[in-house]
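Hi,

Here is the structure I promised to pass on. Have a look at it first, and my notes on what turned up follow below.

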Amino acid sequence: MKIKIGAALAALCIAGSASAATITIVNNDGPGEGFNDTTPVSPLASNPGTTLGAQRLFVFQTAANQWGARLNSSVEIRVRAAFNPLTCSGTSAVLGSAGAVSVFRDFPNAPRPQTWYSVALANAIAGTDLNGTGASQEEINSQFNVDIDNGTCLTGVAGWYYGTNPTLDPPPANRTALLPVVFHELAHGLGFQTFTSTTTGALFNGFPDAWTRFLADAPTQTTWLAMTSDAQRQASAISDPNLVWVGPNVTADKTSFLGNSPAFIVTSPTNIAGSFAAQAASFGPAVPAGGVSGEVVAALPELACTALTNPTAVAGKIALVDRGTCNFTVKVANAQAAGAIAVVVANNAATGLPGMGGSEPTIAIPSYGVSQALGTSIRGALAGGTVNGTLGFSAELAGTNRGFVRMNAPNPVQPGSSVSHFTTDAFPNLLMEPSLTGTIFDQVDLTIALFRDLGWTDTAPPGIYVFGDGFEP
């Protein structure tokens, strides 16, 4: 049985044939726009296109070829793609969106009865084109934000970056790499999405999808399939950190891609000692396995947006600064200039952790973001004595709960983001988190493991995992 899907369902603010899949990009842009933009550009070492449109298409087909080389399907997968204006502002933007055009259940060779599968996966399992043949029969619909190149959103971002090899063409700090966005969105179209309503918990047309069978509540390990009401699934969709993926492949492979959670460990004084959640910076060196320990000293001025006025006190110590006014990179650079060995940035909001994003190649010390409450506690303790701490790691794998990988389940629900992504707390970052990070380029990490759970087969030999460093030849 086939059902058409209206709009793309997932956005970024991932026994059939044994042959590699052919994934074809179908240009859905009009004359002079998107893939057909004739604006001259200089070719890159990893992208030979000489027009803006040609470079865009090269990136898309590169991503399609990479996915096609890894997944097995005897049926061509057609991807309708276009560049359009999408939601954006000076601080955030929808980079792209994609989803399956249709879903099928009870088709030949279906692994489970009365279960929806995205059309590309259903075709691969059935070994035949369930969606029909012809130029209008695409399996995936996608669109990407042309305004990234128009300079009308994301302050400080000059446009998309069209390199396909970060070694040959390192992405500039002021551009957003397109390739990982296309990898991400193609994964959604290939099946990295649920068709169960994240706002009501209702099963699509009364039947579960393959995704729903592996979503579960961590404390009870009750799957969405076993839940007896829409209300239970609705509550689970906003239950962070308790929504997890219980598929055997993701569960088995999580240690290959996830490390221990960043944590700031206060060792003294005893009245505030403990291990506290932290956000690692996307810039500067990574915190070594043994951590970085030292005395914590409050930087002056507290925001550290200008040169520190107490460099003697900060030198050789961990500098505590507050979030706000200037970029994280500016704060850490000023502390580094004063001789700090590391930096802790306390949040300026009552909940959450500082994002710690940015890029600055001259930064040579590590930094963490911590909660406002922890920053307040440390400042209170400093008023009466000495504080010592360590930029280190917790005992639990980042982004997991009770041994299972967590899914994105914020409250309130975020349509297009909730449930159909991994948690943002994963560390290192994963391709299929809801927001793109600069640490991702061609890595596919746990995406392949999740695809295996859903029913995809791939080109890796049995028992061999070859995706740890992205798409290796």
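Let me start with E302, which is partly exposed at 39% relative accessibility. In this predicted model, the side chain of E302 forms a salt bridge with R379, at 3.7 Å from N to O. E302 sits in the loop between β17 (292-298) and α7 (311-314), while R379 belongs to helix α9 (residues 372-382), so this pair ties together parts that are 77 residues apart in sequence. The cut-off for a salt bridge here is 4 Å, so the pair at 3.7 Å counts as one.

There are others to look at; the count comes to eleven salt bridges. Side chains of opposite charge can pair when their charged atoms come close. Among the eleven:

- D106 and R105 meet through their side chains at 2.6 Å, N to O. D106 is partly exposed, with a relative accessible area of 39%, whereas R105 is buried at 11% relative accessibility.
- D458 pairs with R452, and the closest N and O atoms are 2.6 Å apart. D458 is buried, its relative accessible area being 12%.
- R78, R80 and E138 are joined in a network of salt bridges.

Back to β17, which flanks the loop that holds E302. What does β17 pair with? One partner is strand β21 (residues 387-397), antiparallel to β17 over five bridges; within that pairing, S293 has T390 in β21 as its bridge partner.

Now the helices. In total the chain has ten helices and 23 strands. I looked at two helices in some detail:

- Helix α6 (residues 248-257) has V250, T251, D253, K254 and F257 as its buried residues. Note that D253 and K254 are on that list. The buried residues of α6 pack against β13 (243-245), β21, β22 (400-401), β23 (404-406) and α10 (447-454), and β21 is also the antiparallel partner of β17.
- Helix α5 (residues 230-236) contains S236. Is S236 buried or exposed? With a relative accessible area of 4%, S236 is buried. Leaving aside residues up to four places away in sequence, S236 touches W224, M227, L243 and A409.

On to the nonpolar cores. The largest has 76 residues, and W67 and F451 are the ones with the most contacts inside it. Helix α4 (residues 178-190) gives the most to this core, with eight residues. There is also a second, separate core of 20 residues, and F264, V344, V387 and L391 are among its members.

For the overall dimensions, the C-alpha atoms fill a box of roughly 75 × 55 × 40 Å along the principal axes. A compact globule of 473 residues would have a radius of gyration near 23 Å, and the chain agrees, with 23 Å. Buried residues make up 51% of the 473 residues.

Finally, a word on confidence. The chain averages a pLDDT of 91, and 93% of the residues score at least 70.

Cheers

Methods. Residues numbered from 1 in each chain as written. Predicted model: local features only at pLDDT ≥ 70, side-chain atom pairs only at ≥ 80, totals over all residues. Heavy atoms only, no water. Buried < 20%, exposed > 50% of the residue type's maximum accessible area, 1.4 Å probe, protein only. Helix = DSSP H or I, 4+ residues; strand = E, 2+ residues; numbered from the N terminus. pLDDT = per-residue confidence, 0-100. Pairing = 2+ DSSP bridges. Core = buried A, V, L, I, M, F, W, Y, C linked by side-chain atoms within 4.5 Å. Rg over C-alpha atoms; globule rule 2.2 N^0.38 Å. Contact = heavy atoms within 4.5 Å.
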